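Here's a quick tour of one model, with an eye on charged pairs and a greasy bit of surface. Have the structure open while you read.

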Amino acid sequence: MAVTEVEEPKRGGKTQDLNILKWLYSFTGPFRILMAISLVLMILTALMELAVPYITKTAVDKYIYPSWGIARFGNNTKDREFEKSVTEKYGSLVIPLGGSSYLIDMSGIDNADRNNLEKLGTVPKERYLVIDPSRLDKDKLARAQEIIGRNSALFEESGRVRYISYSSLKNLGRNDLLALRSDDIREVIMLSIVVFAFLTGIFILSSTFTYLLNYSGHKIMHRMRTDVFSHILDLPQPFFDKNPVGRLTTRVTSDVNAINEMYTSVAVQFIKDVLVVIGVFVIMFRLNAKLTLFVAAFTVIMGLFAGLFRMKLKTVYRDVRRSIAKLNAFVQESVRGIVLIKLYNREMENFDRFRDTNKENFKANMDQLWVYATFRPFIEFMSVFTIAF
């Protein structure tokens with residue numbers, strides 16, 4: 001039997017091999033500091049990516065869109081108890097309007113109380129801009145009083161404060177609006193600067209840890225390929241009689257590249273995504289624990305499906321690697337022995353064998369494609385379905 005016909009040995013169902021992992025880890029020695037730095041930068045990048053939407057939410061909910069709402073409690077016992085708990089708990093954020101009505105700064109209310117106030121209809125969707133003279137300096141107070149005097153029909157009064165609905169702000173002039181909302185505008189500008197700084201930080205840190213990881217990955221790949229080739233040179237002649245040159249070439253080139261790709265792309269992105277997902281779940285749980293539990297339930301379902309996908313992909317990916325090695329081996333041996341092939345007029349027989357080998361590689365790639373074609377649409381479907389649910 002020619003060496004090109006030797007079948008690629010098939011391994012068992014075990015996915016991990018501790019000895020191989022130890023062998024791979026041995027190549028990381030001089031680069032572990034770079035890997036640790038990259039991990040720290042990844043954590044910082046993940047925190048910044050989580051902070052950007054949270055800062056944006058704060059800017060919209062507290063400064064761009066007024067945060068004050070009017071709460072009107074009912075006369076039943078349950079509403080009275082809720083009214084008492086809210087007024088006692090958020091004294092400085094509550095301004096009595098008379099009866100059972102209050103102005104409440106919704107930006108300072110706990111998520112649970114806020115959800116109850118909005119869900120029960122106690123606080124409608126309309127928001128109000130509150131002008132509190134005690135919080136304004138002399139110049140701003142004089143300007144605010146002048147604006148309120150010219151637009152008295154738009155403002156309502158309660159004790160020391162005046163307030164205007166968000167829908168009525170469009171009736172004010174641009175300069176008046178800028179004067180009344182100068183503090184909000186200043187806060188929005190500050191938050192915009194922070195967001196820009198975080199986005200710049202994300203760009204710089206992402207570029208840095210990507211470079212460090214790819215640099216260390218290529219250095220590790222260089223050492224690994226040198227070590228593997230040195231090992232091949234030390235092997236006895238009978239080994240080369242049983243293993244085609246193309247298969248050994250695949251081990252030194254594409255297989256090492258696959259390990260580097262796993263290290264620089266898959267593993268790195270996985271760690272970063274895990275950090276972001278954990279942070280997202282923490283923030284979601286603080287905002288709405290019940291909704292987060294629903295999302296977590298669907299996440300478990302996707303995790304189970306991903307486990308099945310992993311088991312299937314393990315098999316098909318091994319078949320792909322095996323077929324690539326076999327194809328490379330056949331092409332290598334055929335080109336090296338082209339003189340003998342032509343001398344004995346074996347072109348058609350050799351082509352038929354190549355067609356079978358190439359077909360085997362095609363089938364392995366189609367099997368892998370089918371697995372991905374099933375997995376990715378399912379994840380997309382579950383993502384959309386979870387949001388819709």
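Is E146 buried, partly exposed or exposed? This is a predicted model, so keep that in mind throughout. E146 comes out at 34% relative accessibility, so it counts as partly exposed.

**Charged pairs**

Some background first: side chains of opposite charge can pair when their charged atoms come close. In this model the count comes to 15 salt bridges.

| Salt bridge | N to O distance |
|---|---|
| D183 and K140 | 2.7 Å |
| E146 and R150 | 2.3 Å |
| R181 and D184 | 3.2 Å |

Start with D183 and K140, whose side chains meet in a salt bridge. D183 sits in helix α7 (residues 182-233) and K140 in helix α5 (residues 138-150), so this pair ties together parts that are 43 residues apart in sequence. How exposed are the two partners? D183 has 27% relative accessibility, so it is partly exposed.

**The nonpolar side of things**

Now for the surface. L39, V40, I43, L44, L47, F270, I271, V274, I278 and V282 make a nonpolar surface patch of about 840 Å². Which elements give two or more residues to this nonpolar patch? They are α2 and α10, the latter covering 254-287. L47, one of the patch residues, is found in helix α2.

**One more stop on α2**

Helix α2 spans residues 32-64, and Y54 has its place there. Y54 has a relative accessibility of 44%, so it counts as partly exposed. Along the chain, Y54 and V195 are 141 residues apart, yet their C-alpha atoms are separated by 9.9 Å.

Note on methods: Residues numbered from 1 in each chain as written. Predicted model: local features only at pLDDT ≥ 70, side-chain atom pairs only at ≥ 80, totals over all residues. Heavy atoms only, no water. Helix = DSSP H or I, 4+ residues; strand = E, 2+ residues; numbered from the N terminus. Buried < 20%, exposed > 50% of the residue type's maximum accessible area, 1.4 Å probe, protein only. Patch = residues over 30% accessible without salt bridge, like charges linked within 9 Å, V, L, I, M, F, W, Y side chains within 5 Å. Areas by Shrake-Rupley, 256 points an atom, 1.4 Å probe, with all protein chains shown as cover. Salt bridge = Lys/Arg side-chain N within 4 Å of Asp/Glu carboxyl O.
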